Amino acid sequence: MKKLTKTQRLHEVMARIYEKKTFTVNELAEEFHVSYRTMLRYVQELSGMGVPLYAEVGKHGGYSILKSFSQNKGTGSFKRVIKPMTTVVGFEFKAPFTAVYMAKVRIPLLWEELTSRANEIINPVNTEYRIGVSLSRSHIYHYIAGIEVTTPKLLPQDMVNITLPPREYVVYNHSGETSRAEIDDTYFFLLDKLRKQGLDHDPTAYTLEVFKGNHLNELSMHIPLK
């Protein structure tokens with residue numbers, strides 16, 4: 001069996017935490033076959049990276065995921081779509097997975113800069129929509145805040161472009177706030193729904209976050225399927 005890197009192990013622990021919602025360090029340590037001290041270190045690192053954990057004291061204490069809107073997700077449904085080749089031009093953020101907490105600061109700034117310079121992007125498909133292209137579940141956190149274009153020509157200064165191949169996605173309309181923590185919460189909520197319906201997402205492919213308008217308060221999340 002291939003040995004997991006620390007980044008991969010943190011990814012697995014984070015996914016399990018979002019699934020369990022409430023847990024103790026001992027429970028996770030036993031589940032992942034590591035010591036209490038090692039798991040406590042993982043939990044502390046994930047908390048420092050922005051996973052919203054709340055420590056509960058007492059005999060039956062442990063940790064819980066802080067909830068701000070998850071209770072309002074209800075039984076919202078998703079749909080499967082085939083999206084053709086997608087090219088996005090915009091501003092880029094890259095950081096090691098272990099520094100993903102930086103995204104909470106940097107990504108809002110990318111959207112602000114895009115709003116002020118959107119008119120420089122040539123050949124937009126629809127200027128009313130903004131697209132966040134995200135690969136945040138691997139060893140590198142990669143995010144582009146941009147606009148979809150028909151053909152990337154004459155890239156504006158400091159902007160990049162990315163072209164994604166045609167593929168199938170599940171699309172879910174996110175409700176509530178659109179902070180990084182809230183969107184990640186919805187991401188793991190969706191993964192749980194997909195697994196229960198026998199569907200398998202592709203963690204190596206980019207997720208799309210489609211916003212309507214500049215206020216970024218209406219979001220359709222596109223999760224790539226294998």
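This is a predicted model: local features need pLDDT of at least 70, side-chain atom pairs count only at pLDDT 80 or more; totals for chains, interfaces and linings use all residues.
Colleague: Let's start with a helix. Which residues of helix H2 are buried?

Modeller: An α-helix has 3.6 residues a turn, so residues three or four places apart point the same way. In H2 (residues 25-32), the buried ones are Val25, Leu28, Ala29 and Phe32. Viewed down the helix axis they fall within an arc of 105°, so they line one face of H2. Buried means under 20% relative accessible area, exposed over 50%, and partly exposed in between (1.4 Å probe, protein chains only). The arc is taken from the directions from the helix axis to the C-beta atoms. After H2 comes His33, with a positive phi near 60°.

Colleague: Now the sheet. In what order do the strands run?

Modeller: Strands of a sheet pair through backbone hydrogen bonds, either parallel or antiparallel. Here 8 strands form an open sheet with antiparallel pairing, in the order E4-E9-E11-E10-E6-E7-E5-E8. E4 (79-83) and E8 (160-164) are at the edges with a single partner strand each, so one side of each has no neighbour in the sheet. Two strands pair if DSSP finds at least two bridges between them; helices (H or I, at least four residues) and strands (E, at least two) are DSSP runs, numbered from the N terminus.

Colleague: How many bridges join E7 to strand E5?

Modeller: E5 (residues 86-96) and E7 pair over 10 bridges, with Val89 opposite Ile147 in E7. E6 (residues 129-135) pairs with E7 (residues 140-149) over 5 bridges; Gly132 has Ala145 as its bridge partner, and Val133 has Ile144. Of the 10 residues in E7, 9 are buried.

Colleague: Last, the largest pocket. Which element gives the largest share of its lining?

Modeller: Rolling a probe the size of a water molecule over the atoms shows where empty space is left. The largest share, 5 residues, comes from H1. The lining includes His11, Glu12, Phe32 and Arg195.

Key: Residues are numbered from 1 along each chain as its sequence is written. Side-chain values use heavy atoms; hydrogens and water are left out. On a 1 Å grid over the protein atoms alone, a cavity is a set of points where a 1.4 Å probe fits but cannot get out, and a pocket is an open set with protein on both sides within 12 Å along at least five of seven lines; lining residues have an atom within 4 Å of a point.
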